[in-house]
Amino acid sequence: MQSPFSPSRLISCDDLLARLLAELAPLAPCLVPLAQLRPGTIAAALPGPQAGLPSAPLALRRGYALRSDELIGAGPLSPVMRLTEPPLIEAGEPLPEGADAILDPAALRRSGAFYEISAETFPGDGVLPAAHHLPPHAPLLEEGEEIGPAGLLLLAMAGTTEVPCRIPRLAITGGDAPARQSLCTLAQSFGATLTDGPADIHLQLAETAPSGAGWLCQGLALNGVQEIAVAQSDTCVTIRFAPRPELLMLVAVGVMLPLLDHLSCRRALKGPALPLSRKISSPVGMSEIVVLRREAQTWAPLPSGELSLAGLSRAEALLRLPAGEEGWPADHTLAPDLFGRRL
(Lines give C-alpha, C1' and ligand atoms only; values in the text may rest on other atoms or scores of the structure.)
Protein backbone atom coordinates (compact mmCIF):
# COMPACT_ATOMS: atom_id res chain seq x y z
CA MET A 1 0.00 0.00 0.00
CA GLN A 2 1.44 3.39 -0.96
CA SER A 3 1.97 5.91 1.84
CA PRO A 4 -0.46 8.86 1.80
CA PHE A 5 2.50 11.14 2.50
CA SER A 6 4.42 12.40 -0.51
CA PRO A 7 8.12 11.46 -0.60
CA SER A 8 8.68 14.24 -3.16
CA ARG A 9 8.30 16.78 -0.33
CA LEU A 10 11.09 15.22 1.77
CA ILE A 11 13.41 17.49 3.82
CA SER A 12 16.08 16.81 6.40
CA CYS A 13 15.28 17.74 9.99
CA ASP A 14 18.26 20.14 10.04
CA ASP A 15 17.00 22.05 7.02
CA LEU A 16 13.48 22.11 8.39
CA LEU A 17 14.52 23.50 11.79
CA ALA A 18 16.80 26.08 10.17
CA ARG A 19 13.90 27.33 8.05
CA LEU A 20 11.40 27.33 10.90
CA LEU A 21 13.66 29.06 13.41
CA ALA A 22 14.69 31.73 10.90
CA GLU A 23 11.04 32.82 10.64
CA LEU A 24 10.11 32.24 14.28
CA ALA A 25 10.86 34.99 16.79
CA PRO A 26 11.26 34.20 20.50
CA LEU A 27 8.21 35.07 22.55
CA ALA A 28 7.91 38.37 24.38
CA PRO A 29 8.05 37.92 28.18
CA CYS A 30 4.78 37.90 30.09
CA LEU A 31 4.31 38.47 33.82
CA VAL A 32 3.14 35.40 35.74
CA PRO A 33 1.95 35.63 39.39
CA LEU A 34 4.39 33.77 41.61
CA ALA A 35 1.56 31.71 43.11
CA GLN A 36 0.72 30.35 39.63
CA LEU A 37 4.29 29.57 38.56
CA ARG A 38 5.15 25.92 37.86
CA PRO A 39 8.64 24.42 38.16
CA GLY A 40 10.00 24.03 34.64
CA THR A 41 8.78 27.42 33.41
CA ILE A 42 11.44 29.36 31.49
CA ALA A 43 12.24 32.78 32.88
CA ALA A 44 13.24 36.03 31.31
CA ALA A 45 15.97 38.03 33.08
CA LEU A 46 15.01 39.41 36.49
CA PRO A 47 17.45 41.61 38.47
CA GLY A 48 18.05 40.85 42.13
CA PRO A 49 18.32 43.20 45.13
CA GLN A 50 21.60 45.12 45.31
CA ALA A 51 22.31 43.87 48.85
CA GLY A 52 21.72 40.22 47.95
CA LEU A 53 19.57 37.80 49.92
CA PRO A 54 19.14 37.90 52.79
CA SER A 55 19.91 41.60 53.05
CA ALA A 56 21.08 41.21 56.68
CA PRO A 57 22.43 38.35 58.84
CA LEU A 58 19.69 36.10 60.23
CA ALA A 59 19.53 33.92 63.32
CA LEU A 60 19.62 30.19 62.57
CA ARG A 61 18.26 29.30 66.02
CA ARG A 62 16.62 30.90 69.03
CA GLY A 63 19.13 32.55 71.33
CA TYR A 64 20.81 35.72 72.54
CA ALA A 65 22.35 37.98 69.91
CA LEU A 66 25.85 39.07 71.02
CA ARG A 67 29.27 40.15 69.85
CA SER A 68 31.48 37.10 70.07
CA ASP A 69 34.59 39.11 71.03
CA GLU A 70 32.86 40.14 74.29
CA LEU A 71 32.73 36.49 75.42
CA ILE A 72 36.37 35.48 74.93
CA GLY A 73 37.39 33.18 77.79
CA ALA A 74 33.87 32.77 79.18
CA GLY A 75 33.26 29.46 80.96
CA PRO A 76 31.54 27.94 84.00
CA LEU A 77 34.45 28.94 86.29
CA SER A 78 35.02 32.35 84.73
CA PRO A 79 31.70 33.69 83.46
CA VAL A 80 31.39 37.02 81.69
CA MET A 81 29.21 39.40 83.65
CA ARG A 82 26.75 41.84 82.05
CA LEU A 83 24.56 44.52 83.53
CA THR A 84 21.92 44.22 80.82
CA GLU A 85 20.26 41.21 79.26
CA PRO A 86 21.20 40.77 75.58
CA PRO A 87 18.36 40.68 73.06
CA LEU A 88 16.69 37.29 72.74
CA ILE A 89 15.67 36.61 69.12
CA GLU A 90 13.96 33.78 67.26
CA ALA A 91 15.25 31.76 64.33
CA GLY A 92 14.86 33.70 61.09
CA GLU A 93 14.99 37.15 62.70
CA PRO A 94 17.70 39.66 61.70
CA LEU A 95 20.56 40.21 64.11
CA PRO A 96 20.80 43.58 65.87
CA GLU A 97 23.55 45.88 64.59
CA GLY A 98 26.95 44.84 65.94
CA ALA A 99 25.95 41.28 66.88
CA ASP A 100 27.74 38.45 65.07
CA ALA A 101 26.75 35.30 67.00
CA ILE A 102 23.84 33.57 68.70
CA LEU A 103 24.33 32.31 72.27
CA ASP A 104 22.50 29.24 73.57
CA PRO A 105 19.90 30.50 76.13
CA ALA A 106 21.13 27.84 78.58
CA ALA A 107 24.52 29.60 78.78
CA LEU A 108 23.01 32.74 80.38
CA ARG A 109 21.51 33.09 83.87
CA ARG A 110 20.45 35.93 86.16
CA SER A 111 22.60 36.39 89.26
CA GLY A 112 21.38 39.28 91.36
CA ALA A 113 21.87 42.49 89.41
CA PHE A 114 24.04 40.77 86.80
CA TYR A 115 23.68 38.36 83.92
CA GLU A 116 26.27 35.56 83.87
CA ILE A 117 27.39 34.06 80.55
CA SER A 118 29.22 30.77 80.95
CA ALA A 119 30.13 29.90 77.35
CA GLU A 120 32.11 31.37 74.48
CA THR A 121 30.84 31.85 70.96
CA PHE A 122 32.66 32.58 67.71
CA PRO A 123 31.86 34.91 64.81
CA GLY A 124 29.03 33.49 62.73
CA ASP A 125 27.93 30.92 65.34
CA GLY A 126 24.22 30.30 64.74
CA VAL A 127 24.10 32.99 62.04
CA LEU A 128 23.13 32.89 58.37
CA PRO A 129 25.37 35.52 56.71
CA ALA A 130 23.94 38.33 54.65
CA ALA A 131 23.80 37.52 50.91
CA HIS A 132 24.12 33.79 51.67
CA HIS A 133 21.39 32.79 49.20
CA LEU A 134 22.09 35.42 46.53
CA PRO A 135 25.27 37.51 46.15
CA PRO A 136 24.99 41.31 45.87
CA HIS A 137 24.06 42.58 42.40
CA ALA A 138 23.39 39.03 41.14
CA PRO A 139 20.19 38.45 39.11
CA LEU A 140 17.31 36.60 40.69
CA LEU A 141 16.77 34.87 37.34
CA GLU A 142 18.97 34.72 34.27
CA GLU A 143 17.65 34.83 30.71
CA GLY A 144 16.44 31.39 29.69
CA GLU A 145 16.78 29.89 33.17
CA GLU A 146 14.50 27.00 34.04
CA ILE A 147 12.72 27.83 37.29
CA GLY A 148 12.89 25.03 39.85
CA PRO A 149 11.66 24.63 43.43
CA ALA A 150 14.74 26.38 44.86
CA GLY A 151 14.18 29.27 42.45
CA LEU A 152 10.59 29.59 43.62
CA LEU A 153 11.78 29.86 47.23
CA LEU A 154 14.35 32.49 46.24
CA LEU A 155 11.68 34.54 44.46
CA ALA A 156 9.42 34.34 47.51
CA MET A 157 12.29 35.40 49.78
CA ALA A 158 12.85 38.44 47.55
CA GLY A 159 9.18 39.39 47.87
CA THR A 160 8.57 38.93 44.14
CA THR A 161 4.89 38.81 43.22
CA GLU A 162 5.15 38.56 39.40
CA VAL A 163 7.82 36.83 37.34
CA PRO A 164 8.71 37.56 33.68
CA CYS A 165 8.51 34.33 31.69
CA ARG A 166 8.31 33.07 28.13
CA ILE A 167 5.65 30.35 27.93
CA PRO A 168 5.00 28.76 24.51
CA ARG A 169 1.40 27.72 23.84
CA LEU A 170 0.83 24.20 22.54
CA ALA A 171 -2.35 22.84 20.96
CA ILE A 172 -2.87 19.09 20.39
CA THR A 173 -5.72 17.73 18.29
CA GLY A 174 -6.60 14.18 17.27
CA GLY A 175 -5.14 10.96 18.62
CA ASP A 176 -6.18 9.15 21.77
CA ALA A 177 -5.94 10.32 25.36
CA PRO A 178 -2.60 8.56 26.20
CA ALA A 179 -0.92 10.06 23.11
CA ARG A 180 -2.14 13.58 23.91
CA GLN A 181 -1.24 13.22 27.58
CA SER A 182 2.32 12.07 26.88
CA LEU A 183 2.96 15.02 24.57
CA CYS A 184 1.29 17.44 26.97
CA THR A 185 3.31 16.21 29.95
CA LEU A 186 6.59 16.44 28.06
CA ALA A 187 5.83 19.91 26.71
CA GLN A 188 4.79 21.21 30.13
CA SER A 189 8.00 19.89 31.69
CA PHE A 190 9.89 22.03 29.15
CA GLY A 191 7.94 25.18 30.02
CA ALA A 192 4.97 25.09 27.61
CA THR A 193 1.29 25.43 28.41
CA LEU A 194 -1.57 23.56 26.75
CA THR A 195 -4.26 25.63 25.02
CA ASP A 196 -7.48 25.17 23.08
CA GLY A 197 -7.11 28.65 21.58
CA PRO A 198 -4.38 30.37 19.57
CA ALA A 199 -1.15 28.38 19.72
CA ASP A 200 2.52 28.77 18.84
CA ILE A 201 2.80 25.06 18.01
CA HIS A 202 -0.08 22.85 16.84
CA LEU A 203 0.36 19.08 16.84
CA GLN A 204 -2.15 17.32 14.58
CA LEU A 205 -2.32 13.59 15.33
CA ALA A 206 -3.79 12.02 12.20
CA GLU A 207 -3.22 8.97 10.00
CA THR A 208 -4.11 10.80 6.79
CA ALA A 209 -1.89 13.10 4.75
CA PRO A 210 -2.63 16.82 4.81
CA SER A 211 -4.51 18.40 1.96
CA GLY A 212 -3.99 21.76 0.29
CA ALA A 213 -0.92 23.86 -0.29
CA GLY A 214 1.32 25.60 2.22
CA TRP A 215 3.09 22.57 3.71
CA LEU A 216 6.87 22.92 3.94
CA CYS A 217 7.30 19.17 3.83
CA GLN A 218 5.28 15.99 3.86
CA GLY A 219 8.20 13.76 4.80
CA LEU A 220 11.07 14.23 7.21
CA ALA A 221 14.54 12.65 6.99
CA LEU A 222 14.99 11.95 10.69
CA ASN A 223 16.15 8.53 11.89
CA GLY A 224 14.88 7.23 8.58
CA VAL A 225 12.17 8.64 6.34
CA GLN A 226 9.27 9.68 8.54
CA GLU A 227 5.72 10.55 7.48
CA ILE A 228 5.68 13.98 9.11
CA ALA A 229 4.15 17.09 7.52
CA VAL A 230 5.02 20.60 8.69
CA ALA A 231 3.51 23.99 7.87
CA GLN A 232 4.30 27.45 9.16
CA SER A 233 2.19 30.60 9.36
CA ASP A 234 3.09 33.98 10.81
CA THR A 235 2.13 32.86 14.31
CA CYS A 236 2.09 29.05 14.44
CA VAL A 237 4.01 25.95 13.38
CA THR A 238 1.75 22.99 12.56
CA ILE A 239 3.13 19.45 12.70
CA ARG A 240 0.97 16.59 11.40
CA PHE A 241 1.87 12.94 11.95
CA ALA A 242 0.39 9.57 12.83
CA PRO A 243 -0.06 8.97 16.58
CA ARG A 244 2.21 5.92 16.76
CA PRO A 245 4.20 5.80 20.04
CA GLU A 246 7.64 5.76 18.43
CA LEU A 247 6.70 8.59 16.07
CA LEU A 248 5.20 10.64 18.91
CA MET A 249 8.48 10.70 20.77
CA LEU A 250 10.59 11.24 17.65
CA VAL A 251 8.54 14.31 16.69
CA ALA A 252 8.63 15.55 20.28
CA VAL A 253 12.39 15.21 20.69
CA GLY A 254 13.39 16.05 17.11
CA VAL A 255 11.07 18.95 16.30
CA MET A 256 8.81 20.06 19.17
CA LEU A 257 11.48 20.51 21.85
CA PRO A 258 13.85 22.58 19.65
CA LEU A 259 10.91 24.85 18.78
CA LEU A 260 9.93 25.20 22.45
CA ASP A 261 13.54 25.98 23.41
CA HIS A 262 13.75 28.66 20.70
CA LEU A 263 10.44 30.29 21.65
CA SER A 264 11.26 30.38 25.35
CA CYS A 265 15.00 31.17 24.93
CA ARG A 266 15.71 28.20 27.19
CA ARG A 267 19.38 27.67 28.00
CA ALA A 268 20.65 24.26 26.94
CA LEU A 269 22.02 22.03 29.69
CA LYS A 270 25.32 20.56 28.57
CA GLY A 271 26.62 17.28 29.94
CA PRO A 272 30.25 16.62 30.80
CA ALA A 273 32.72 16.01 27.97
CA LEU A 274 33.27 12.24 27.93
CA PRO A 275 34.36 9.72 25.30
CA LEU A 276 31.88 7.52 23.46
CA SER A 277 31.86 3.91 24.59
CA ARG A 278 31.27 2.76 21.00
CA LYS A 279 31.02 4.30 17.57
CA ILE A 280 28.01 6.13 16.19
CA SER A 281 27.25 5.94 12.48
CA SER A 282 24.59 7.71 10.44
CA PRO A 283 23.57 7.64 6.76
CA VAL A 284 24.75 10.69 4.83
CA GLY A 285 21.89 13.09 4.14
CA MET A 286 19.85 11.80 7.08
CA SER A 287 19.42 13.74 10.33
CA GLU A 288 19.83 11.40 13.27
CA ILE A 289 18.89 11.59 16.93
CA VAL A 290 20.91 9.41 19.29
CA VAL A 291 20.10 9.10 22.98
CA LEU A 292 22.85 8.45 25.48
CA ARG A 293 23.40 7.09 28.97
CA ARG A 294 26.40 7.49 31.21
CA GLU A 295 28.28 4.26 31.78
CA ALA A 296 31.32 4.66 34.03
CA GLN A 297 33.20 7.61 32.50
CA THR A 298 31.77 7.31 28.98
CA TRP A 299 28.66 8.18 27.01
CA ALA A 300 27.00 4.97 25.82
CA PRO A 301 24.79 5.37 22.72
CA LEU A 302 21.45 3.57 22.90
CA PRO A 303 20.16 1.98 19.69
CA SER A 304 19.12 4.65 17.18
CA GLY A 305 16.90 4.28 14.14
CA GLU A 306 13.37 3.69 15.39
CA LEU A 307 13.71 5.01 18.93
CA SER A 308 12.30 2.65 21.55
CA LEU A 309 10.22 3.90 24.45
CA ALA A 310 12.33 1.93 26.92
CA GLY A 311 15.50 3.49 25.51
CA LEU A 312 14.04 7.00 25.73
CA SER A 313 12.83 6.47 29.28
CA ARG A 314 16.38 5.54 30.33
CA ALA A 315 18.15 8.25 28.31
CA GLU A 316 20.14 10.95 30.09
CA ALA A 317 21.37 13.01 27.14
CA LEU A 318 20.60 13.76 23.51
CA LEU A 319 22.89 13.94 20.50
CA ARG A 320 21.78 15.45 17.20
CA LEU A 321 23.74 14.30 14.16
CA PRO A 322 23.33 16.72 11.24
CA ALA A 323 22.55 15.38 7.80
CA GLY A 324 26.13 15.88 6.59
CA GLU A 325 27.71 14.00 9.50
CA GLU A 326 28.50 10.28 9.17
CA GLY A 327 29.08 9.77 12.90
CA TRP A 328 32.00 9.44 15.30
CA PRO A 329 34.30 6.60 16.35
CA ALA A 330 34.52 5.08 19.80
CA ASP A 331 36.52 7.24 22.24
CA HIS A 332 35.46 10.44 20.43
CA THR A 333 34.89 13.04 23.17
CA LEU A 334 31.68 15.07 23.18
CA ALA A 335 29.45 17.07 25.54
CA PRO A 336 25.80 16.32 24.63
CA ASP A 337 22.65 18.17 25.62
CA LEU A 338 21.20 16.90 28.90
CA PHE A 339 17.50 16.17 29.18
CA GLY A 340 17.43 17.28 32.83
CA ARG A 341 14.48 14.90 33.36
CA ARG A 342 13.29 11.48 32.28
CA LEU A 343 11.37 11.17 29.02
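Predicted model: local features only at pLDDT ≥ 70, side-chain atom pairs only at ≥ 80, totals over all residues.
Residues are numbered from 1 along each chain as its sequence is written, and side-chain values use heavy atoms, with hydrogens and water left out.

Most of α4 is covered, with 16 of its 20 residues buried (under 20% relative accessible area, 1.4 Å probe, protein chains only). Cys265 follows α4 and has a positive phi, near 60°.

The largest nonpolar core has 50 residues. Such a core joins buried Ala, Val, Leu, Ile, Met, Phe, Trp, Tyr and Cys residues through side-chain atoms within 4.5 Å. α4 gives the most to this core, 13 residues. A second, separate core of 16 residues includes Leu140 and Val163.

An open sheet has 6 strands in the order β14-β13-β15-β20-β19-β16, with mixed pairing. Strands pair if DSSP finds at least two bridges between them. Strands (E, at least two residues) and helices (H or I, at least four) are DSSP runs, numbered from the N terminus. β14 (193–194) and β16 (215–217) are edge strands with a single partner each, so one side of each lacks a neighbour in the sheet.

Angles run from 0 to 180 degrees between N-to-C directions of axes fitted to C-alpha atoms, for helices over the stretch in contact (heavy atoms within 4.5 Å).

| Helix | Strands | Angle |
|---|---|---|
| α1 (residues 13–23) | lies across β16, β19, β20 | about 20° to β19 |
| α3 (residues 177–189) | touches β13, β14, β15, β20 | about 170° with β13 |
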